[in-house]
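Student: Please take one part of this model and look at it closely. I would like a connected account, with the numbers.

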Amino acid sequence: MSKTRDIVLGDRTFAVPLLPHRYNRVIYPLCRDLSGDPDDDETFVDRIIKGGGTPGIVRDEEWDKLSEIAFQAACAADKDLTREAFDNLPITPQDLIDAFFAVRYQTGVWIAPDAAGAAPGEAATTEAGAG
């Protein structure tokens with residue numbers, strides 16, 4: 001689980017480590033909020049999967065959460081990154097969605113599909129320890 005995961009934000013690639021508590025205490029609650037309750041009819045993750053990853057189905061209030069997740073993860077990868085530098089990156093909506101899925105594995109709570117026994121390409125919404 002100590003493996004890094006790359007996220008691409010604009011014209012930069014960040015190798016995000018397994019998140020230290022400093023970052024995880026901000027990122028995990030945001031990921032949890034976006035992942036939603038699996039018993040809900042339509043979580044953010046469900047909508048993204050149903051929409052084939054289309055950014056057009058992201059609700060306005062979700063963009064700030066996606067941006068904060070990406071910023072905090074990028075800071076974990078690059079300690080010198082400032083908010084101003086981050087905000088000036090040409091980050092696309094698709095970059096933020098892709099970063100969300102990569103970063104939530106780095107929280108240590110969600111299990112990657114290959115580790116969870118899911119078929120390749122299948123999204124895992126399982127939290128570690130959940131059964």
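Tutor: Start with cysteine 31. This is a predicted model, and in it cysteine 31 has 0% relative accessibility, so cysteine 31 counts as buried. Cysteine 75 has 9% relative accessibility, which means that cysteine 75 counts as buried too, the cut-off being under 20%. What about disulfides? A disulfide needs two cysteine sulfur atoms within 2.5 Å. By this rule the count is zero.

Cys31 is on the helix 1 side and Cys75 is on the helix 3 side. Helix 1 covers residues 21–35, and helix 3 covers residues 60–77. Two packed helices are described by the angle between their axes and the distance between the axes. Here the axes come within 10 Å. They cross at roughly 150 degrees. The crossing of helix 1 past helix 3 is left-handed.

Now the residues that make this contact. Helix 1 supplies Tyr23, Val26, Ile27, Leu30, Cys31, Asp33 and Leu34. Helix 3 supplies Glu62, Lys65, Leu66, Glu68, Ile69, Gln72, Ala73, Cys75 and Ala76.

Next, a charge over a ring. Arginine 83 lies over the face of phenylalanine 71. The distance from the ring centre is 3.8 Å.

Then the aromatic pairs. The structure holds three of them. One is formed by phenylalanine 44 and phenylalanine 100. A pair of aromatic rings is described by the distance of the centres and the angle of the planes. For phenylalanine 44 and phenylalanine 100, the centres are 5.3 Å apart and the planes stand at 85 degrees. That makes the pair edge-to-face. Both phenylalanine 44 and phenylalanine 100 are buried.

The protein chain has six helices and two strands. From the N terminus on, the order is β-β-α-α-α-α-α-α. Of the 131 residues, 39% are buried. Among contacts between residues at least 6 apart in sequence, 60% join residues at least 24 apart.

Notes: Residues are numbered from 1 along each chain as its sequence is written. This is a predicted model: local features need pLDDT of at least 70, side-chain atom pairs count only at pLDDT 80 or more; totals for chains, interfaces and linings use all residues. Side-chain values use heavy atoms; hydrogens and water are left out. Rings of Phe, Tyr and Trp (its six-membered ring) pair if their centres lie within 6.5 Å; planes under 30 degrees apart count as stacked, over 60 as edge-to-face and the rest as tilted. Buried means under 20% relative accessible area, exposed over 50%, partly exposed in between (1.4 Å probe, protein chains only). A charge sits over a ring if NZ of Lys or CZ of Arg is within 6 Å of the ring centre and within 35 degrees of the ring normal. Axes are lines fitted to C-alpha atoms, for helices over the stretch in contact, and angles run from 0 to 180 degrees between N-to-C directions. Helices (H or I, at least four residues) and strands (E, at least two) are DSSP runs, numbered from the N terminus. A crossing is left-handed if the near helix is turned anticlockwise from the far one by less than a right angle, and right-handed if clockwise. Contact means heavy atoms within 4.5 Å.
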